[in-house]
Each structure stands twice: as structure tokens, then as C-alpha cells.
Amino acid sequence: MRKWIFILATMVAFLGEAAAQQSAPQRRPRGVKRSGWAIMGEDSTLQVDMFPVYVFERPADLRRYRRLVDAVRKVYPLAQIAKHKMYEMEEQLLTIQSKKRQRAYIKHCYKQILDEYTPVAKRMTRTQGRVLVKLIDRETEYTAYEVIREFRGGFVAGFWQGVGKLFGHDLKSQYDKEDEDRVLEQIVLYYEAGLL
């Protein structure tokens, strides 16, 4: 009798689990780029391509990685806004003929950006500022120094480069997704894919 109760309980458990799996909507698990079935001869196997997983030897490295993830979450939308504003400014400047009006337009945009984003920038950490500079370079393909020099002039760009150097930033540093900024690029890809 015990044997039949055990078999019946086991079947009910497996059938309940199978029904729950069939009723759940099919969605891609976190960290998976692509998954699907591959047929090899008469066998079918599940193929799963996963994003790389970082393993940290020291707790300090994990804290640094998490700090970078938090910085990307906060700063990436600002980099996107900076990209759109820069393209809008470039388009508008192409339509303005006189240099005087161009300078007035740049000054107006500068004041507008200053009023809108100074409170946000004041609350940023150094890591967030460094990540913002890198992401602006990634999004616009210009370093922060080049952007400032283009719209505000060489003297102002040199001034802000000096201020950045005082705080450990380099506005001339370029985004290198293959070597130096490989981890940052991976975090940005995770963020864009909605995995963070």
C-alpha cells in the first residue's frame, strides 16, 4: 500500500510541475543572449549563448564593479540626453549664418544646460563623473574636451581640463571599449538590454 501511495504522490508532483511549466509564459532568462534548440542527427540539444559572468577574487573588486554598475544606471540617461542636445545644437548652428548669432545661441544653450543639470552634477560622485565623461565620448564619438572646445572655445576647454585634473579626471581620455573600458562597455550593454 505504501508503495502505491508513494508512486501516486510522485506522479502528482511531476504532473503539477509539468502543468505549471506549460502555463508559464515563455521568456528569456536573465543573462541569456539567445537560446534555441539545435538538431544534430536524430538528437535535439538546447543551445544557450550567455553573457560573460565576472568572477571576482577580492571583495574590493566586487565593490568596485557594483559601484560602476550604479554609476552607469545613474549617468547613462544623462549621456543620452547630452548626445541628443549636441545633435540638436549642431543642426541649429548649421542653419544660423552669422557668427554673432551662433555665439549667442551657444551661450543661451550653455546657460540652459547649466541651470538644468548643475543640481544633478553637484550630487555626482567622482566615479559617476568619470563614467559620464566616458559615456559622452562613447555616445558622441568626441571626447568631453573636444565637445567643450567646439562649443565654448579652447581657453574654456583648457580651464575645465585643469579643473578636471585637480579632481583626477582627464577630459581628453578616449573611450576604449576593447581594452581599458571593456568592463564599462559590458555594463552598458547589459543596461541597454534591460538586464540591470
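This report covers the fold, pockets and surface of a predicted model.

The model is predicted: local features need pLDDT of at least 70, side-chain atom pairs count only at pLDDT 80 or more, and totals for chains, interfaces and linings use all residues. Residues are numbered from 1 along each chain as its sequence is written, and side-chain values use heavy atoms, with hydrogens and water left out.

**Fold**

The protein chain holds 7 helices and 2 strands. Helices (H or I, at least four residues) and strands (E, at least two) are DSSP runs, numbered from the N terminus. Along the sequence the pattern reads α-β-β-α-α-α-α-α-α. Of the 196 residues, 29% are buried. Buried means under 20% relative accessible area, exposed over 50%, and partly exposed in between (1.4 Å probe, protein chains only).

**Pockets**

A pocket is an open set of points on a 1 Å grid over the protein atoms alone, with protein on both sides within 12 Å along at least five of seven lines; lining residues have an atom within 4 Å of a point. Grid points are joined across faces, edges and corners, and a volume is the space filled by probe spheres set on the points. In the classes below, Ala, Val, Leu, Ile, Met, Phe, Trp, Tyr, Cys and Pro count as nonpolar, Asp, Glu, Lys and Arg as charged, and the others, Gly among them, as polar.

| Pocket | Volume | Lining by class |
|---|---|---|
| Largest pocket | about 1,400 Å³ | 26 nonpolar, 5 polar, 4 charged residues |
| Second largest pocket | about 390 Å³ | 7 nonpolar, 1 polar, 8 charged residues |

The largest pocket is lined by 35 residues; closest to its centre are Ile113, Ala121, Leu132, Ile136 and Ile148. Helix 2 (59-95), helix 3 (99-122), helix 4 (126-140), helix 5 (144-152) and helix 6 (154-166) each supply at least two lining residues. Helix 3 gives the largest share, 10 residues.

The second largest pocket has a volume of about 390 Å³. Its lining counts 16 residues, with Arg64, Leu68, Glu180, Val183 and Leu184 closest to the centre. Helix 2, helix 4 and helix 7 (182-193) each give two or more residues to this lining.

**Phenylalanine 167**

Phenylalanine 167 sits in the loop between helix 6 and helix 7. Its relative accessibility is 45%, so phenylalanine 167 counts as partly exposed.

Key: On a 1 Å grid over the protein atoms alone, a cavity is a set of points where a 1.4 Å probe fits but cannot get out, and a pocket is an open set with protein on both sides within 12 Å along at least five of seven lines; lining residues have an atom within 4 Å of a point.
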